[in-house]
Amino acid sequence: MRRSLLAFLAVFALVGFVTMPPVTEANGLEIGSTVEAFSLPDTDGKMHNLDSLRGKKGTVIVWLSAQCPVVAAYKDRINEIAAAYKDKGINFVGINSNATEDLTYVKSNMAEFGYQFPMLIDKGNVLADKWGATVTPEVYYLDKKNVLQYHGAIDNDRSGKNIQEQFLKTAFDSALSGKAIEKTKTAAFGCTIKKAKAE
Amino acid sequence: MKAISLGWLFALVCVVSADAQRRNPPPKPPAADLPKVTKIDQVRYAALIKPGTRPLLINFWATWCVPCREEFPDLVKINNEYKGKIDFITISLDFEEELNTTVPQFLKEMKADMPTYLLVTPDESAAIAMISKEWAGALPLTVLFAPSGESVFFHQGVVKPAELKAAIDKLIQ
């Protein structure tokens with residue numbers, strides 16, 4: 001009887017381990033994990049939650065900075081991709097977690113760079129810490145059920161002069177055509193998110 | 001007929017070459033009094049980040065990175081203090097056109113003489129992963145490798161000199 005119970009518990013544990021989906025970790029997100037809902041204010045103080053901003057086919061959360069020259073080098077590409085894929089059901093959402101950038105600066109930068117998507121203010125870098133975001137620009141592509149599909153760089157070339165791999169667009173095109181995304185995680189040099197010091 | 005065809009081919013080559021030069025102009029030559037910054041590719045980079053017989057301190061930075069510029073004077077002091085006891089290199093992630101201008105100009109202003117390299121690679125993901133899988137590429141980054149290859153100090157953001165010096169002292173005792 002005892003042997004049977006132990007065997008049952010072992011099988012139960014094994015099944016649970018194999019079928020358990022990836023969880024959202026406190027210090028970052030794993031590909032395949034479902035992100036928790038969040039609410040943040042935009043630059044006008046209006047609160048938005050993830051579900052209200054979600055696209056029919058997916059959402060891109062992109063960490064940005066008003067000051068970062070790497071973001072400046074990417075602004076046209078970000079705007080082009082956001083516009084091109086909005087019609088395909090993928091919405092962009094910008095996040096600013098920089099403690100050194102006040103609201104006035106962020107708003108004026110938004111106007112200067114011509115972003116056509118909401119910019120949410122992550123005061124105290126709560127969301128950045130939860131998701132493990134550390135650099136700008138840094139993108140997280142979620143599917144329509146808020147499952148993380150791709151995380152990292154937009155493409156392989158910060159300068160934009162020698163782009164050989166369009167990581168984000170390739171991920172979109174694969175997902176939209178029902179294919180598996182080959183490169184789910186990349187990294188690129190960028191500006192540190194200027195986080196508020198922990199009290 | 002053959003001469004005319006060759007002439008057209010030559011002209012085509014000249015046009016294509018000129019267009020490539022226009023789109024990707026080579027860096028301007030360095031001024032004589034500026035420190036040398038060496039452009040490196042992924043292969044050279046992989047060799048440089050392996051420590052030799054001394055501890056290896058590496059700082060990743062860029063002139064466009066405000067905290068990188070802020071911490072640089074402290075790094076210069078550390079370089080001067082530990083010269084001969086550790087190997088200290090810096091790797092700039094400035095754009096290639098800054099190789100012989102902005103980067104060496106900054107080094108001159110800082111009175112920095114540690115060897116400096118400018119990395120140009122089509123695969124930044126791989127370059128970043130070679131240092132640490134925990135690094136997303138944010139600058140500045142300071143990392144200290146023991147001669148064994150073990151990473152004993154890893155810091156993203158402005159470095160705290162006292163903490164870095166403590167890590168170095170532990171290795172060289």
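User: Which residue is the bridge partner of A:Tyr141 in E8(A)?

Analyst: This is a predicted model, in which local features need pLDDT of at least 70, side-chain atom pairs count only at pLDDT 80 or more, and totals for chains, interfaces and linings use all residues. Residues are numbered from 1 along each chain as its sequence is written, with chains lettered from A and ligands numbered from 1 in the order in which they are written. Strand E7 (residues 138-142) of chain A runs antiparallel to E8(A), with 4 bridges between them, where strands are DSSP runs of E with at least two residues, helices are runs of H or I with at least four, both numbered from the N terminus, and two strands pair if DSSP finds at least two bridges between them. Within this pairing A:Val139 lies opposite A:Gly152, and the partner of A:Tyr141 is A:Tyr150.

User: How many residues lie between E7(A) and E8(A) in their hairpin, and which residue in the turn has a positive phi?

Analyst: The two strands form a hairpin with 5 residues between them. In that turn the phi is positive, about 65°, at A:Asn146.

User: How many of the residues of E7(A) are buried?

Analyst: A residue counts as buried if 20 or more other C-beta atoms, placed from the backbone, lie within 10 Å of its own, as exposed if 12 or fewer do, and as partly exposed in between. In a regular strand the side chains alternate between the two faces of the sheet. In E7(A), A:Glu138, A:Tyr140 and A:Leu142 point one way while A:Val139 and A:Tyr141 point the other way, and all are buried. The strand is thus mostly covered, and the count of buried residues is 5 of 5.

User: What is the order of the strands in the open sheet of 5 strands in chain A?

Analyst: Strand E3 (residues 58-63) of chain A pairs with E7(A) in the antiparallel sense over 5 bridges, and A:Thr59 of chain A faces A:Leu142 there. The edges are strand E5 (119-121) and strand E8 (148-152) of chain A, each of which pairs on one side only. From one strand to the next the twist averages 20°, taken between axes that are lines fitted to C-alpha atoms (for helices over the stretch in contact), with angles running from 0 to 180 degrees between N-to-C directions. With mixed pairing, the order is E5-E4-E3-E7-E8.

User: Which element gives the most to the side of chain B that touches chain A?

Analyst: Counting residues as in contact if their C-beta atoms, placed from the backbone, lie within 7 Å, the contact takes 18 residues from chain B and 17 residues from chain A. Helix H5 (124-131) and strand E5 (138-139) of chain B each supply at least two residues of that side of chain B. With 4 residues, the element that gives the most is H5(B).

User: Why do the buried residues of H4(B) line one face of the helix?

Analyst: In helix H4 (residues 102-110) of chain B, the buried residues are B:Val103, B:Pro104, B:Phe106 and B:Leu107. Their cover includes strand E1 (37-40), strand E3 (87-92) and strand E4 (116-119) of chain B. They line one face because, seen down the axis of H4(B) and judged by the directions from that axis to the C-beta atoms, they fall within an arc of 155°.

Key. Two residues are in contact if their C-beta atoms, placed from the backbone, lie within 7 Å.
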